[in-house]
Amino acid sequence: MSVRHTEVTSGSVVTCGDEHEDCGIREVLDRIGDKWSVLVVVELAQGMRRFRQLQRAVPGISQRMLTLTLRRLERDGLISRTVRPTVPPQVEYELTSTGHSLTHLVRALADWSAEHRAAIGQARREWDEANPGSSIR
């Protein structure tokens, strides 16, 4: 292991008191760390959206997965759901203040990803060449 790597990982990223306590961070990261939640938050950062608008804006998400993702984000207080009494009813979703507070972190992650995309791609190519039989992708 390199000296640089040791320096990066030697300090604790999160301190909770007891060394085996996770501070509840695992549950939060499970929610905001899945690809659908992040994509929905990114879309809702642009403003209120209806279900079909979200479905069109998040490529590859199924109706069931979008429904589950929205319910989970609502349960966690990151989005609000408003039902308009029309025929048929219109359901609108938007970020809560807690959800909006997450957007700068998502933006920072997106910026970091864009900045390092080429280096990560190069590292992957080199690793794949050095490990031709690996199923890791």
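Student: In what order do the elements of the protein chain run from the N terminus on?

Tutor: Starting at the N terminus, the order is α-α-α-β-α-α-β-β-α. Please keep in mind that this is a predicted model.

Student: How many helices and strands does the protein chain have?

Tutor: The protein chain contains 6 helices and 3 strands.

Student: And what share of the residues counts as buried?

Tutor: The protein chain has 137 residues, and 20% of them count as buried.

Student: Let us turn to the sheet. What is the order of the strands there?

Tutor: The 3 strands form an open sheet in the order S1-S3-S2, and the pairing is antiparallel. Strands S1 (49–50) and S2 (79–84) are at the edges; each has a single partner strand, so one side of each has no neighbour in the sheet.

Student: What holds strands together in general?

Tutor: Strands of a sheet pair through backbone hydrogen bonds, and the pairing may be parallel or antiparallel.

Student: How many bridges join S2 to S3?

Tutor: There are 6 bridges between S2 and strand S3, which covers residues 90–95, and the two strands run antiparallel.

Student: New topic: how many salt bridges does a search of the whole structure find?

Tutor: The search finds 4 salt bridges. One of them links Arg 49 to Glu 43, with the closest N and O atoms 2.7 Å apart.

Student: Are Arg 49 and Glu 43 buried or exposed?

Tutor: Both Arg 49 and Glu 43 are buried.

Student: Which side chain meets Arg 84 in a salt bridge?

Tutor: The partner of Arg 84 is Glu 92, at 2.9 Å from N to O. The two residues can be described separately. Arg 84 has a relative accessible area of 39%, so it is partly exposed. Glu 92 has a relative accessible area of 11% and is therefore buried.

Student: What about Asp 111, which side chain does it meet in a salt bridge?

Tutor: Asp 111 meets Arg 107, with an N to O distance of 3.7 Å. Asp 111 and Arg 107 lie 4 residues apart in helix H6, so about one helical turn separates them.

Student: Is Arg 107 buried or exposed?

Tutor: Arg 107 is exposed, because its relative accessible area is 52%. Asp 111, with a relative accessible area of 42%, is partly exposed.

Student: Now the surface. Which residues form the nonpolar patch?

Tutor: The nonpolar patch consists of Leu 109, Trp 112 and Ile 120, which together have about 290 Å² of accessible area.

Student: Where is Ile 120 placed?

Tutor: Ile 120 belongs to helix H6, which covers residues 97–130.

Student: Which residues gather in the patch of positive charge?

Tutor: Arg 64, Arg 71, Arg 72 and Arg 81 gather in that patch on the surface.

Student: Which helix gives the most to the positive patch?

Tutor: Helix H5, residues 63–75, gives the most, with 3 residues. Arg 72 is found in helix H5. With a relative accessibility of 37%, Arg 72 counts as partly exposed.

Key
Residues numbered from 1 in each chain as written. Predicted model: local features only at pLDDT ≥ 70, side-chain atom pairs only at ≥ 80, totals over all residues. Heavy atoms only, no water. Patch = residues over 30% accessible without salt bridge, like charges linked within 9 Å, V, L, I, M, F, W, Y side chains within 5 Å. Areas by Shrake-Rupley, 256 points an atom, 1.4 Å probe, with all protein chains shown as cover. Pairing = 2+ DSSP bridges. Lys, Arg positive; Asp, Glu negative; His and termini not counted. Charge placed at Lys NZ, Arg CZ, Asp CG, Glu CD. Buried < 20%, exposed > 50% of the residue type's maximum accessible area, 1.4 Å probe, protein only.
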